[in-house]
Each structure stands twice: as structure tokens, then as C-alpha cells.
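Here is my note on this model. The points below take the interface first, then a helix, then the charged pairs.

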Protein chains: 2
Amino acid sequence: VIAGIDHVGIVVEEIDAALRRYQQTFGMSLRHREVLAEHGVEAAMLAGGDGQIELLAPLSPDSATGRFLQARGPGLHHVAYRVEDIDTALEELRAAEVELIDAEPRSGMLARRIAFVHPSSTGGVLTELVEVGES
Amino acid sequence: VIAGIDHVGIVVEEIDAALRRYQQTFGMSLRHREVLAEHGVEAAMLAGGDGQIELLAPLSPDSATGRFLQARGPGLHHVAYRVEDIDTALEELRAAEVELIDAEPRSGMLARRIAFVHPSSTGGVLTELVEVGES
């Protein structure tokens, strides 16, 4: 069901400083930046070779990433896997009795169809599926 | 300097249960399994499409991953980037005043040359470089 790793999500305190750090230190390049008001975050996708990281800065302390930042500090937040067909993927996970955060796909960055799987079914890892279509 | 994401490292309590979970739930396949006594862990590399995750189970509570498990519970531990030449990469990071955990490359799983970068230079993310040679 998994086609590969789409990106790794990293919660940061301040997005501009984090962007500069990853651009300067690791030579990554900014691919896209977007305020996702309904998720309470500003997000920036960076490319490093054929890999991607997503920097997430909370818009407010009471958003999900704001609470994460207060509880655990900045750092790794989630891993996102590419799937060809997210409806089929969610159906298969439901059949395997995996606990889903999103029963149905919703809209993520760049209006891609995404869904989150609960960490209780993945050994403590907040896990995102991203539909990328057939490759 | 970064060619892509090599793998995402995940700390687990018990490697067999975690392996089964990722194999059954996400259809990943076991690529390699190894006890790395000097690092105090048993590690398993799984492939999901063209992505990889590394499951890490501490061999003892006082190992680095054992302490991580006690402090934070199971979950995301590090992200590893592919580099073509790790000596050049470390030289560039030193020149950028990035704090390194490993000043010189050491031997990781499958005897690959690896080095860890300190989270203080990466926004709280334990970061590994893995030399994969020219692609």
C-alpha cells in the first residue's frame, strides 16, 4: 500500500529561522509555503535531493502543533507516506482494525488528499498518508 | 549536500511486534535485521515502496535509545539523509558551525558510513547522514 516516504514533518517555533537553517545548513530548497488556517499551522515544504521535509509552525498555542510544541519542544512530528489511492488505503487500514484519525480524506497542503493514522496503531508514530496518484 | 531521505528511525519497545505491525498494516517488507551491540540497539530496516523505516529496540534501559524510550515513549527518533560523500558533508557542516555528534564517520547498519548531527543545529531533530556513494 505504501509507495514511499513523501515527507517528514518537523514542528518549529519560528518558520523563517528554521527555513534559513535548513536552506543554509543542508542546501535544501523551498518548494512551497502555505498557511493552513483550518489546521492552525503555517507549513513550508523543502526539498533535499529527492526527499522532502515539512516545517510546521503553530499559528496559536492552542492548535495541535502548538500543544505539541509546549509538551515536547521542537522536533520530529510525523512521517507521511505516499499512496496511489488513498480511499483504497483507508479501506485496507480499516479492515486491519487500524485506528484512523481521519476516517475520510481531507485537504492538505497544495490541496492534496491526505489522512492521518493514529499513533496507537503505528508504535507511537503520528502517520500521514498522501495521495499522489499513479506514478 | 542532501541527496534524499534514506530512512526514518523509530524507537519501539519490542522489535518483533513492531515488525509484524508494519508488515501487516502497511505491507512493508523486512530488508535487514542486525544487533548493533556498540550502539546498544537491535535494528530492523523495512522497505515501503522506495522508502525505508528503521525500527530500533534498546538492548538495555541505559542505552541511548533505552533512555529515549523511558523519557518520551515509543515513536519517531531520527531522520537520516543520504549523502554521496560523508567526509565532504561533515566538512561543510563544520564550516557552517553545525554541532556534530560524530566528528568522524562511524560504522552503522550494513557497515555503511554514518554520522549524527546534534539536534541543537537542526531545530530539535536528531539527524543522521548516511553515505551511499555516487548514484
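1. The area buried between chain B and chain A is about 3000 Å². Carbon and sulfur atoms give 63% of that area. Buried area here is the accessible area (1.4 Å probe) that two parts lose on being put together, summed over both. On the side of chain B, B:Phe26, B:Arg72 and B:Leu76 lose the most area to chain A, together 22% of what that side buries.

2. A word on the basis. This is a predicted model, in which local features need pLDDT of at least 70, side-chain atom pairs count only at pLDDT 80 or more, and totals for chains, interfaces and linings use all residues. Residues are numbered from 1 along each chain as its sequence is written, chains are lettered from A and ligands numbered from 1 in the order written, and side-chain values use heavy atoms, with hydrogens and water left out.

3. Contacts across the interface: 39 residues of chain B meet 39 residues of chain A, where contact means heavy atoms within 4.5 Å. Between the two chains, 11 residue pairs are in polar contact, both residues at pLDDT 80 or more. A polar contact is a pair of N or O atoms within 3.5 Å; within protein, one must be able to donate a hydrogen and the other to accept it, and residues adjacent in sequence count only if both atoms are side-chain atoms.

4. Which elements of chain B supply the side that touches chain A? Strand 1, helix 1 (15–26), strand 4, strand 5 and strand 8 (127–131) each supply at least two residues. Strand 5 of chain B gives the most, with seven residues. Helices (H or I, at least four residues) and strands (E, at least two) are DSSP runs, numbered from the N terminus. The residues of this side divide into 19 nonpolar, 16 polar and four charged. Ala, Val, Leu, Ile, Met, Phe, Trp, Tyr, Cys and Pro count as nonpolar, Asp, Glu, Lys and Arg as charged, and the others, Gly among them, as polar.

5. The rule finds two salt bridges across the interface. A salt bridge is a side-chain nitrogen of Lys or Arg within 4 Å of a carboxyl oxygen of Asp or Glu. B:Arg82 forms a salt bridge with A:Asp50, and the closest N and O atoms are 2.5 Å apart. Over all chains, the structure holds 14 salt bridges.

6. Now helix 2 of chain B (residues 64–72). Its buried residues are B:Thr65, B:Gly66, B:Phe68 and B:Leu69. Seen down the helix axis, these buried residues fall within an arc of 160°, so they line one face of helix 2. The arc is that of the directions from the helix axis to the C-beta atoms. On the other side of helix 2, B:Gln70 and B:Ala71 are exposed. Buried means under 20% relative accessible area, exposed over 50%, and partly exposed in between (1.4 Å probe, protein chains only).

7. What covers the buried residues of helix 2 of chain B? The cover includes strand 1 (4–11), strand 3 (41–48), strand 4 (51–58) and strand 5 (75–83) of chain B. Just after helix 2, B:Gly73 takes a positive phi of about 80°.

8. Check A:Asp102, in the loop between helix 3 (86–95) and strand 6 (106–107) of chain A. A:Asp102 counts as buried, at 10% relative accessibility. Its side chain meets that of A:Arg106 in a salt bridge (3.0 Å, N to O). A:Arg106 is partly exposed, at 29%. A:Asp102 also touches A:Leu90, A:Ala115 and A:Phe116, not counting residues up to four places away in sequence.

9. Two salt bridges link parts of one chain. A:Arg113 pairs with A:Glu131 at 3.2 Å between the closest N and O atoms. A:Arg113 lies in strand 7 (residues 113–117) and A:Glu131 in strand 8 (residues 127–131) of chain A, so the pair ties together parts 18 residues apart in sequence. In chain B, the side chains of B:Arg112 and B:Asp6 meet at 2.7 Å, N to O. B:Arg112 lies in the loop between strand 6 (106–107) and strand 7 (113–117) and B:Asp6 in strand 1 of chain B, so this pair ties together parts 106 residues apart in sequence. B:Arg112 is partly exposed at 21%, whereas B:Asp6 is buried at 6%.
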